[in-house]
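Reader: I have a model open on my screen and would like to learn how to read it. Could you walk me through some of its features?

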Amino acid sequence: MLDLDPLLVTFGMFFTMLILLAIGAPLTWALLTVGVGSAYFLWGPAGLELLATSSFSAMDNFLLVALPMFIFMGLMLQRSGITDDLFDMINKLMGGIPGGLGMGTVIICAIIAAMAGVSGAATVSLGIIALPSMLKRGYDKKLVTGTIMAGGALGFLIPPSVLMIVYAFLARESVGKLFAAGMMPGLMLAGIYMLYIFLFALKNPEKAPTIALSERLGAIDKIKALKALILPGALITTVLGFIIGGVTSPSEASAIGAAGSLLCAAIYRTLNVKMLKEVLMSTTQLMGMLLWITLAAVFFSKVYIGLGAGMLITELVEDSNLSPYMVIVAMLLTYFVLGMFLDDFAIVFITVPLFVPIVQELGFDTVWFAVLFIISMQTAYLTPPFGYNLFYMRSVAPPSITIYDLYKAVIPFIILQVIGLTLVVIYPQIALWLPNLIFGS
């Protein structure tokens, strides 16, 4: 290997990757180009053998089987009509409470997050269903869009989360522990959002009005409306219960979830050949993208770590004289900045192999740090200029709602997410209580 300063090569690799991304190169090709070029430059033709070995090691993991199954489950449930019934149920149950539709939207986002495992599903679904209904009822457009985008981002935390599975794969963590660790912080954030919406509605009743008295239901009718929860509730409880309870592996539970989503669609009478083809095609496209990113990012990180840059970062941290908690804060700030420009999968593949060993060296719980990372990714999905939920919402919002309206709408919710992140940093047991209860300390 050439005798080069790892810091210089680090700068060269990341600067080149950012240039390629800036000119519009897909993430996969940016990572692959920089990785291949760096390997050849450092070790000659023999360095390219690392591409084959890293690809094999990346694919030789049974955990990856769970990804297409969970993606299929989420897409099938999204298109089955369950989301429509859930919002109708919330409208009936909570429409008479100040900010009730907004708070109910957060609840539906949490449920869809547990059904789909990805952020975009809830954002797009409720952008289509809830946004017009709430605007028609006089809700402030910034409150509505901010609520849907922030609620949609709960898909990162509330299991089964696709990003958590990828994180577990890279960090060699237990998926069951990560799912359990994400549950309480996810519910906490949902509660924080709902409290904010309720207080906003009390202060600004004209921007979050209650439904008319003539539209409100009696107690019996409200109980009947809860039937919309039966199918998704049973499926979510089964899948998560099997994983967290250790009855099945995540891969086996994902197959149960996929089969259960087909059954739900059949019960709703929305299952047909055309819908099945569309869901299978979308699943294939998403998995193809994820696997290419996986191969390129694992190769990139192997080259980077083989260079000795991982030790370099560790030494820089140790020589900085920062307290362990300040190192964690610096990492979270790094995630915040990266989230403005890169998507969540790019960030997890680039940073996890570098940061997790440092977290272990500092003596912190890596499951706790995983939750901090996931919350940071939630914030990244709302942060301008390239927050993905901003673009998801813009794609389904009416022309009267501009991208600048969406930028303003997410500001209160970004602040709320930072508050939630701070609480988990200060009180790690918010994340660790449930996994410790189930799996032991």
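Author: Gladly! Let us begin with glutamine 417, which is placed in helix α20; helices here are DSSP runs of H or I with at least four residues, strands are E runs of at least two, and both are numbered from the N terminus. This is a predicted model, so local features need pLDDT of at least 70 and side-chain atom pairs count only at pLDDT 80 or more, while totals for chains, interfaces and linings use all residues. Residues are numbered from 1 along each chain as its sequence is written, and side-chain values use heavy atoms, leaving out hydrogens and water.

Reader: Is glutamine 417 buried or exposed?

Author: Buried means under 20% relative accessible area, exposed over 50%, and partly exposed in between, with a 1.4 Å probe and protein chains only. Glutamine 417 has 0% relative accessibility, so it counts as buried.

Reader: With which side chain does the side chain of glutamine 417 make a polar contact?

Author: A polar contact is a pair of N or O atoms within 3.5 Å; within protein, one must be able to donate a hydrogen and the other to accept it, and residues adjacent in sequence count only if both atoms are side-chain atoms. Here the partner is the side chain of tyrosine 193, at 2.8 Å. Contact in the wider sense means heavy atoms within 4.5 Å. Not counting residues up to four places away in sequence, glutamine 417 touches Ala150, Ala153, Leu189, Tyr193, Ile375, Gln378, Thr379 and Leu382.

Reader: How do helices α18 and α20 pack?

Author: Axes are lines fitted to C-alpha atoms, for helices over the stretch in contact, and angles run from 0 to 180 degrees between N-to-C directions. Under 35 degrees counts as roughly parallel, over 145 as roughly antiparallel, 65 to 115 as roughly perpendicular, and the rest as oblique. Helix α18 (residues 366-380) and helix α20 (residues 403-426) pack at about 175°, with axes 10 Å apart. They are therefore roughly antiparallel to each other. Among the residues making the contact are Trp368 and Ile375 of α18, and Ile414 and Gln417 of α20.

Reader: Which residues does serine 261 touch?

Author: Serine 261 lies in helix α13 (residues 250-267) and is buried, at a relative accessible area of 0%. Not counting residues up to four places away in sequence, serine 261 touches Phe72, Met73, Met76, Leu77 and Leu235. The buried residues of α13 also include Gly257 and Cys264.
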